[in-house]
Protein chains: 2
Amino acid sequence: VFYHLECHAGEVEEKASDICIEQTVETARQLISDEWIRDTIVARVESIDEARGGGYDVVVCFNPGLVDRNLTGLLNVLYGNSSLKRGISIRDVQFPGSLLSFFKGPRFGIRGLRELTGVHHRPLLAAPLKPLGKSAGELGELCYELAAGGIDIIKDDHGLADHPFCPFRERVDRVMESIERAAGKTGRKALYFPCVMGAHRTMEARISYAKERGAGGILLAPMLTGFDHMRSLAEDDGLGLPLMAHPALMGLFFSSDIHGISHAVVLGRLMRMAGADLVIYPGAGGRFPFTEEECLAIKEALHEPFSGLRPSFPVPAGGLSLPALPGQRALFGDDVVFLMGSNLFAHSESIRESARMFLQAVEEPLQVL
Amino acid sequence: VFYHLECHAGEVEEKASDICIEQTVETARQLISDEWIRDTIVARVESIDEARGGGYDVVVCFNPGLVDRNLTGLLNVLYGNSSLKRGISIRDVQFPGSLLSFFKGPRFGIRGLRELTGVHHRPLLAAPLKPLGKSAGELGELCYELAAGGIDIIKDDHGLADHPFCPFRERVDRVMESIERAAGKTGRKALYFPCVMGAHRTMEARISYAKERGAGGILLAPMLTGFDHMRSLAEDDGLGLPLMAHPALMGLFFSSDIHGISHAVVLGRLMRMAGADLVIYPGAGGRFPFTEEECLAIKEALHEPFSGLRPSFPVPAGGLSLPALPGQRALFGDDVVFLMGSNLFAHSESIRESARMFLQAVEEPLQVL
C-alpha cells in the first residue's frame with residue numbers, strides 16, 4: 001500500500017510504524033509477546049521516501065491473509081482506523097494475485113456490454129431520466145425519445161427512488177414499455193438501468209421486479225449501499241444483469257490531497273473488484289473538480305490488465321456537452337460510455353434529434369490527434 | 001441543512017443555489033419548465049451568513065418527502081453529489097418530525113442496556129479482544145479474565161473476521177464458554193459483541209450463529225457495511241440484540257473543516273437513526289485527533305431528545321487509560337461506556353486485576369468538579 005504522509009521528517013518513521021500497528025493489531029508493539037504475531041500479522045514498512053510536492057511516500061506491506069475475502073475487510077485493512085487520523089492518504093495499492101483470486105470482478109465488462117448492446121466500434125451513449133419530480137409516465141416518454149434517437153443505455157437519475165409522485169414499479173413499467181416500443185421502431189433495444197437504493201430487503205424486492213420486467217441492468221451507489229453488496233449482486237447467477245456504479249458520497253475519498261484514497265484505486269480497482277461493469281464519475285471540465293489526469297488514471301485502472309478481472313467501462317459524466325465530445329473522445333478513446341444529461345436535453349428543441357446528433361458525433365471514426 | 005461554504009463573497013449565492021439543484025434535480029433551472037418541480041422538488045436557500053472563522057454559513061431547506069424513508073436516501077440528498085465538490089461541508093442538520101417518524105432508532109438505548117447489564121448508577125465498562133493474530137482459544141482466555149474482573153461488555157477488535165488462525169464460529173464458541181464460566185463465578189453475565197463484516201449473506205450467517213450461541217450484541221462498522229443495513233438489523237424483531245457501531249472508515253467524513261459532515265451529525269444523529277445502541281468513537285487525548293469539543297458534541301447528539309428515538313451510549317475509546325479516567329468521567333458523566341484496550345492490558349501484571357481497578361474507578365460516585 002502506497003501511503004502518503006503529510007508530516008515532518010522527524011515524525012515520519014513513527015507515523016509509518018503506527019500505520020503498521022493501527023491497521024492490524026491496534027496495540028502497542030511492546031504488548032505483543034507473540035513472535036508469530038509480530039512477524040506475520042503486524043504490517044511492515046518497506047520504504048520511506050521524500051515525496052515530490054512535500055510529505056513522504058511510504059510503502060507498507062500487509063499480509064493479504066488479513067483480508068477476510070471481501071471488500072469490507074479490505075477497506076478496513078487499508079484505511080479503517082487511519083481514516084480517523086489526519087495527514088494519511090493512500091495513493092496506490094498493489095494487490096497480490098492471491099487476494100485478487102477471491103474476487104470475480106465484473107460479470108460482463110466492456111466486451112459483455114458490447115455484446116448486449118450490439119455496439120462494437122464506437123463509444124456507447126448513455127442518458128439519464130430526469131429531473132426528479134417528473135411522473136413515471138413523463139419519464140417513460142423521455143425514455144422513448146432517447147431510445148428512439150439511438151441512445152444505448154438509459155439510466156435513472158440517482159435521486160429517483162420510490163416517491164409517491166414517481167413510484168419505482170410504475171416507473172420501471174412505463175420505461176420498459178417505452179424501451180420496447182422504441183425497439184420496435186429502431187430494431188435495437190436500449191438497456192435501462194433503474195436506480196436501486198435503500199435497505200437490503202427493499203433493494204432485493206426492487207431488483208427482482210426490475211429483472212422480471214426486463215431491465216437491462218441495475219444502477220447502484222456502492223458508497224451508500226456497500227461495496228460488498230454490489231459484489232454479491234455481480235456474483236449472483238440468478239440475477240445476471242450488468243451493474244453500473246454511481247459515485248454518490250464517494251467524494252468523501254477525494255476531499256483533499258492529504259486525506260482519503262486516490263481516484264484510480266477507489267473508482268478504478270475497487271470498483272472492478274466490486275463487480276461494476278460501468279463506473280460513472282465526473283469528467284474533467286464539467287461541473288465537478290476532477291482533473292483530466294485523475295479521469296485518465298481512473299480510465300486506465302478500469303481498462304488495464306488486473307489479474308483475471310474483466311475491464312469495465314468508464315462513464316465520464318457531470319456536465320458533458322456535444323461541443324466537448326470530440327475532446328473527450330480523443331482523451332478516452334472508444335472504450336468508454338459517454339453519459340450526457342442536461343446539455344443533451346438543452347441542445348435542440350427535440351430530445352430525439354439531440355440524441356441523434358450525439359450518436360452521429362461518435363459514429364464518425366475516432367480522429368487520432 | 002446547515003452547510004458551510006468555503007468561497008469568496010462573489011460566489012456564495014451561486015454556490016448555495018447550486019446545492020439546491022445538485023442535490024435534487026441535477027439540471028439547470030432554465031430546463032425545468034414544471035412549476036411544481038421548481039417549487040416542491042428543488043431545495044431552497046433559507047439564509048446566507050458570513051461565518052466566524054471564514055467562509056459562509058448557508059441554510060438550505062429540502063422537501064423531506066425526497067428522502068426515500070431510509071438513510072441511504074437521506075445521505076444521498078444531504079451530500080451525495082456535493083461530496084464530489086470542494087469547499088462544501090455540513091455542520092448541522094435539523095430533521096423534521098415527519099422524516100424522523102420513519103426511523104425507529106435504537107432498540108435498547110441507554111435504558112435497555114442498563115437493564116441487560118444490571119448496571120444502573122455508573123458508566124459501563126467495555127474491553128476489546130485483541131490483538132489480531134491470537135487464536136480463538138487465546139481470545140477466549142482473555143475474555144475470561146476480563147469478565148471475571150467485572151467488565152460489562154466485551155467486544156471483538158474490529159479487525160477480527162473469520163481468519164484461519166481465528167475462525168469466527170470457533171471464536172464465538174470459546175468466548176461464550178468464557179462468558180458463561182465467569183458468570184458462574186461473578187453472578188453477572190458480561191455481554192459479548194462479536195464483530196461482523198462482509199457481504200450480507202455472510203453477515204446474516206454469522207449473526208444467526210452469534211445469536212444462537214448467546215452473544216450479547218453485534219459489533220458493526222456501518223460505514224463499511226451500510227447505515228441502512230444496521231438499521232434493518234435494529235428493526236429485526238427476530239434478532240433483538242443491541243448493536244454497537246464502530247467508526248472504521250468513518251473518518252472520511254472528518255477529513256478537514258471544509259469538507260464532510262460534522263461529528264455530531266454522523267456519529268450522533270445518523271447513528272441513532274441507524275439504530276446503534278452504542279457508538280464507539282475516538283476520545284479526546286488518545287491517539288486520534290478528535291477534540292474535546294467534538295467528543296462532547298457527539299455525546300450530546302446521542303443523549304439529547306430526538307423525536308421519539310431512544311438515547312444511545314457514547315463509547316469513547318482509542319487510547320483511554322486508567323489515569324485519564326477521572327477526567328473523562330467528569331467530561332462524559334455516567335451515561336457513557338468506557339472502552340479501554342491496550343492501556344488496560346498494560347496496567348498491571350494481571351488483566352483481571354486491571355479490570356477490577358477499572359471497575360473500582362467508576363464505582364466511586366462521580367465527583368462534581
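This is a predicted model: local features need pLDDT of at least 70, side-chain atom pairs count only at pLDDT 80 or more; totals for chains, interfaces and linings use all residues.
Student: How much area do the two chains bury between them?

Tutor: About 6100 Å² is buried between chain B and chain A, and 59% of it is on carbon and sulfur atoms.

Student: Why quote an area for an interface?

Tutor: The accessible area lost when the parts come together is often used to give the size of an interface.

Student: What about polar contacts and salt bridges across the interface?

Tutor: Between chain B and chain A there are 24 residue pairs in polar contact, both residues at pLDDT 80 or more. Eight salt bridges are found across this interface.

Student: Now the salt bridges. How many are there over all chains?

Tutor: A search of the whole structure gives 50 salt bridges.

Student: Which residue of chain A meets Asp257(B) in a salt bridge?

Tutor: The side chain of Arg86(A) does, at 3.9 Å from N to O. Asp257(B) is in the loop between β9 (243-245) and β10 (260-261) of chain B, and Arg86(A) is in the loop between α3 (71-79) and β4 (88-92) of chain A, so the pair joins two chains. There is also a salt bridge between Asp257(A) and Arg86(B), again with 3.9 Å from N to O.

Student: What does Lys85(B) pair with?

Tutor: Lys85(B) forms a salt bridge with Glu22(B), at 2.9 Å from N to O. Lys85(B) is in the loop between α3 (71-79) and β4 (88-92) of chain B, while Glu22(B) belongs to helix α1 (residues 12-22) of that chain, so the pair ties together parts that are 63 residues apart in sequence. Lys85(B) counts as buried at 12% relative accessibility, and Glu22(B) counts as buried at 5%.

Student: And Asp173(B), what does it meet?

Tutor: Asp173(B) meets Arg213(B) in a salt bridge of 2.8 Å, N to O. Helix α7 (residues 168-186) of chain B holds Asp173(B), and the loop between α8 (200-212) and β8 (218-220) of chain B holds Arg213(B), so this pair ties together parts that are 40 residues apart in sequence. Asp173(B) is buried, with a relative accessible area of 16%, whereas Arg213(B) is partly exposed at 27%.

Student: Which residues are joined into one network by salt bridges that share partners?

Tutor: Glu22(A), Glu26(A), Lys85(A) and Arg287(B) are joined into one network in this way.

Student: Turning to the core, which residues touch the most other members of the largest nonpolar core?

Tutor: Phe253(A) and Phe253(B) do, in a core of 272 residues.

Student: What is Phe253(A) in contact with?

Tutor: Apart from neighbours within four places in sequence, the contacts of Phe253(A) include Leu75(A), Met223(A), Phe227(A) and Ile261(A), together with Leu249(B) and Leu252(B).

Student: Where is Val42(A), and is it buried or exposed?

Tutor: Val42(A) sits in the loop between α2 (35-41) and β2 (44-50) of chain A. Val42(A) is buried, with a relative accessible area of 8%. Not counting residues up to four places away in sequence, Val42(A) touches Cys20(A), Ile21(A), Thr24(A), Val25(A), Arg29(A), Ile32(A) and Ile37(A). From C-alpha to C-alpha, Val42(A) and Glu26(A) are 9.2 Å apart in space, and they are 16 residues apart in sequence.

Student: Last one: where is Ser178(A)?

Tutor: Ser178(A) is in helix α7 (residues 168-186) of chain A. Ser178(A) is buried, at a relative accessible area of 4%. Leaving aside neighbours within four places in sequence, Ser178(A) contacts Gly140(A), Glu141(A), Cys143(A) and Tyr144(A).

Conventions. Residues are numbered from 1 along each chain as its sequence is written. Chains are lettered from A and ligands numbered from 1 in the order in which they are written. Side-chain values use heavy atoms; hydrogens and water are left out. A nonpolar core is a set of buried Ala, Val, Leu, Ile, Met, Phe, Trp, Tyr and Cys residues joined through side-chain atoms within 4.5 Å. Buried means under 20% relative accessible area, exposed over 50%, partly exposed in between (1.4 Å probe, protein chains only). Contact means heavy atoms within 4.5 Å. Helices (H or I, at least four residues) and strands (E, at least two) are DSSP runs, numbered from the N terminus. A salt bridge is a side-chain nitrogen of Lys or Arg within 4 Å of a carboxyl oxygen of Asp or Glu. Buried area is the accessible area (1.4 Å probe) that two parts lose on being put together, summed over both. A polar contact is a pair of N or O atoms within 3.5 Å; within protein, one must be able to donate a hydrogen and the other to accept it, and residues adjacent in sequence count only if both atoms are side-chain atoms.
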